Amino acid sequence: MKIVAISGSPVKGGNLDKTVRAVAEASGLDYEMLNLSKYRVNPCLGCLKCVETNHCIQKDDYSDILEEKIKSADAVIIAGYPTFASTDARTKTFCERTYSLRHRKVLMKGKPAIVVAGGYKANQAVEEWLKLFCKAQGMEVVGSMQTCGHPTCLACGYGEECEISNVKLLYGEGAKIEPHMFKNFDNDPKLVAKAKQLGEALRDRLK
């Protein structure tokens, strides 16, 4: 059995990546980690030229690499994070391109999926959107979770003085950036346990 684990995060080794890997490793099955930030994926053209073949004709990393990987996987873990209270553009663009896999034959039908939503707010919107995507592709959502995150304002260098800083929004006017504000999946036993439970559920569903 082969799992494809997809992360939309551009932050290498960040909380979203850590959570996805934890779920995949808890399954005990072979998996391949796909970080979408490493691939060039263009938006869907809506040309409908994938109708006859279930293959996208655009020349980019989706049609050349990712389409076949997700199509041949036995299960999928997919993770995105919120931007402006919606799923990030990189993850959403990838999901939209999988339109090529649902003409006449729904090629992802019946495959089990796990959804992971990252970020420090609006996680619920991402979780629900990704679950909707999986169901639209005919996949079975075995489970989902929201993982931790923190605002980029903590690391941009201006978080304590910017007039629209999320540091002020979350911690109050005059707040100073402190280590405890940075969230880490590895240090949250509840999140680690949830990821383990989802990985085991995916394993049981496949076996």
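This is a predicted model: local features need pLDDT of at least 70, side-chain atom pairs count only at pLDDT 80 or more; totals for chains, interfaces and linings use all residues.

## Briefing on helix packing, cysteines and backbone

Residues are numbered from 1 along each chain as its sequence is written, and side-chain values use heavy atoms, with hydrogens and water left out.

**Helix α3 and its surroundings**

- The angle between α3 and α4 is about 15° and their axes are 11 Å apart, the axes being lines fitted to C-alpha atoms, for helices over the stretch in contact, with angles running from 0 to 180 degrees between N-to-C directions.
- Helices (H or I, at least four residues) and strands (E, at least two) are DSSP runs, numbered from the N terminus.
- α3 passes α4 in a left-handed crossing, a term used if the near helix is turned anticlockwise from the far one by less than a right angle, with right-handed used if clockwise.
- Thr91, Lys92 and Cys95 of α3 make the contact with Trp129, Leu130 and Phe133 of α4, where contact means heavy atoms within 4.5 Å.
- The residues of this contact of α3 with α4 divide into four nonpolar, one polar and one charged, with Ala, Val, Leu, Ile, Met, Phe, Trp, Tyr, Cys and Pro counted as nonpolar, Asp, Glu, Lys and Arg as charged, and the others, Gly among them, as polar.
- In helix α3 (residues 89-97), the buried residues are Thr91, Thr93, Phe94, Cys95 and Arg97, and they pack against β1 (2-7), α2 (61-72), β3 (75-80), β5 (86-87) and α4 (123-136).
- Arginine 97, which has its place in helix α3, is buried with a relative accessible area of 3%; buried means under 20% relative accessible area, exposed over 50%, and partly exposed in between (1.4 Å probe, protein chains only).
- Not counting residues up to four places away in sequence, arginine 97 touches Val41, Asn42, Pro43, Cys44, Cys56, Gln58, Asp60, Tyr62 and Ser63.

**Helices α1 and α6**

- Helix α1 (residues 15-27) packs with helix α6 (residues 189-206) at an angle of about 45°, their axes lying 7 Å apart, and the two are therefore oblique to each other.
- α1 passes α6 in a right-handed crossing.
- From α1, Thr19, Ala22, Val23, Ala26 and Ser27 meet Ala195, Lys196, Leu198, Gly199, Glu200 and Arg203 of α6, and the residues of this contact of α1 with α6 divide into five nonpolar, three polar and three charged.

**Cysteines**

- The structure holds zero disulfides, a disulfide being a pair of cysteine sulfur atoms within 2.5 Å.
- The sulfur of cysteine 44 is 6.7 Å from the closest cysteine sulfur, in cysteine 50, too far for a bond, and cysteine 44 is partly exposed with a relative accessible area of 37%.
- Cysteine 156 is in no disulfide, the nearest cysteine sulfur being that of cysteine 153, 5.6 Å away.

**Backbone geometry in loops**

- Most residues other than glycine have a negative phi.
- Arginine 104, in the loop between α3 and β6 (112-117), has a positive phi near 60°, and this residue counts as exposed at 61% relative accessibility.
- Alanine 122, in the loop between β6 and α4, has a positive phi of about 65° although it is not a glycine, and alanine 122 counts as partly exposed at 29% relative accessibility.

Definitions and conventions. Angles under 35 degrees count as roughly parallel, over 145 as roughly antiparallel, 65 to 115 as roughly perpendicular and the rest as oblique.
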